[in-house]
Amino acid sequence: MPLVSVIIPTFNRSHLIMRTIDSVLKQTLSEIEAIIVDDGSSDNTKQIVANYIDPRIRYVYKENGGVSSARNAGLNIAKGDYVCFLDDDDEWYDSYLELMINGLQSSSVYGAAYSSMGPKDCLIETLNINCPSGSITKELFQRGVVPIIACLIRRDLLEDIRFDTALKIAEDSDFLLRVSLKAKFIFINNTYAIRNPTEISLTSNYDESR
């Protein structure tokens, strides 16, 4: 059984998704499953994924329903003890999951771990500012301190939690708020998730809309 289920929703990003998949398969933590949820792509995403000969990859195709429904589809079939999410154009450093698991398993007090998020090869000291551990519902509500691509959650906490498909924005904040009502979060300060430039404008729009 995999230790970590990595859920990757994707839609018409065949030109980018290889980078994302490669970053998962190169992890120093090998006990993983990579669940690629194809949300109705019309490009050659299926063929790109089929080129990978690795039993840890699971490909699921569904009709287009948006990122929340795609993440939920992945959650519904995840087998790992822990779950995390990675967008189809972002990536992690090779030791990312190992560091996150080690931090989360360092104390039974915590049910989820998170790190910072930033561009590749930035100074990590510039990212680790005001990142609390413990009961962080207030911080999540006020500042949205946890990026969904930089979060690792115990799967048993998610039995009754799914992404709200009615929300068109901030669906990840809503999801994590509900997780925070059930578990404490630990901040992992020695790594970060890599947000690639293709999503910077979307992140800015999100901050304005939030």
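Contact here means heavy atoms within 4.5 Å. The model described in this report is predicted.

Helix α1 spans residues 17–25, and its buried residues are I17, T20, I21, S23, V24 and L25. The elements covering these buried residues include the strands β1 (4–10), β2 (32–39) and β3 (57–62), together with helix α2 (45–50). An α-helix has 3.6 residues a turn, so residues three or four places apart point the same way.

R56 lies in the loop between α2 and β3. Its relative accessibility is 18%, and because buried means under 20%, R56 counts as buried. Leaving aside neighbours within four places in sequence, R56 is in contact with L25, S30, I32, E33 and A34.

**The nonpolar core**

In soluble globular proteins, nonpolar side chains tend to be buried together. The largest nonpolar core of this model has 61 residues, and the members that touch the most others are V4, V6, W92, L97, V146, I153 and F175. For V6, with residues up to four places away in sequence not counted, the residues touched are V24, E33, A34, I35, C84, L86, W92 and L97.

**Packing of α3 against α6**

Helix α3 (residues 67–77) packs with helix α6 (residues 171–180) at an angle of about 40°, and the two axes are 10 Å apart. This angle makes α3 oblique to α6. On the α3 side the contact is made by V67, S68, R71 and L75, and on the α6 side by E171, D172 and F175. By class, the residues of this contact are three nonpolar, one polar and three charged.

**Aromatic pairs**

A pair of aromatic rings is described by the distance of the centres and the angle of the planes. The model holds seven aromatic pairs; two of them are set out below.

| Pair | Centre to centre | Angle between planes | Arrangement |
|---|---|---|---|
| F85 and F163 | 5.2 Å | 90° | edge-to-face |
| W92 and Y96 | 5.1 Å | 15° | stacked |

The pair of F85 and F163 links distant parts of the chain, 78 residues apart. F85 belongs to strand β4 (residues 82–85), whereas F163 is in the loop between β6 (151–154) and α6. F85 counts as buried, at 1% relative accessibility, and F163 is buried as well, with a relative accessible area of 3%. W92 and Y96 are also buried.

Definitions and conventions
Residues numbered from 1 in each chain as written. Predicted model: local features only at pLDDT ≥ 70, side-chain atom pairs only at ≥ 80, totals over all residues. Heavy atoms only, no water. Buried < 20%, exposed > 50% of the residue type's maximum accessible area, 1.4 Å probe, protein only. Helix = DSSP H or I, 4+ residues; strand = E, 2+ residues; numbered from the N terminus. Core = buried A, V, L, I, M, F, W, Y, C linked by side-chain atoms within 4.5 Å. Axes fitted to C-alpha atoms, helices over the stretch in contact; angles between N-to-C directions. Parallel < 35°, antiparallel > 145°, perpendicular 65-115°, else oblique. Nonpolar A, V, L, I, M, F, W, Y, C, P; charged D, E, K, R; others polar. Phe/Tyr/Trp six-rings, centres within 6.5 Å; stacked < 30°, edge-to-face > 60°.
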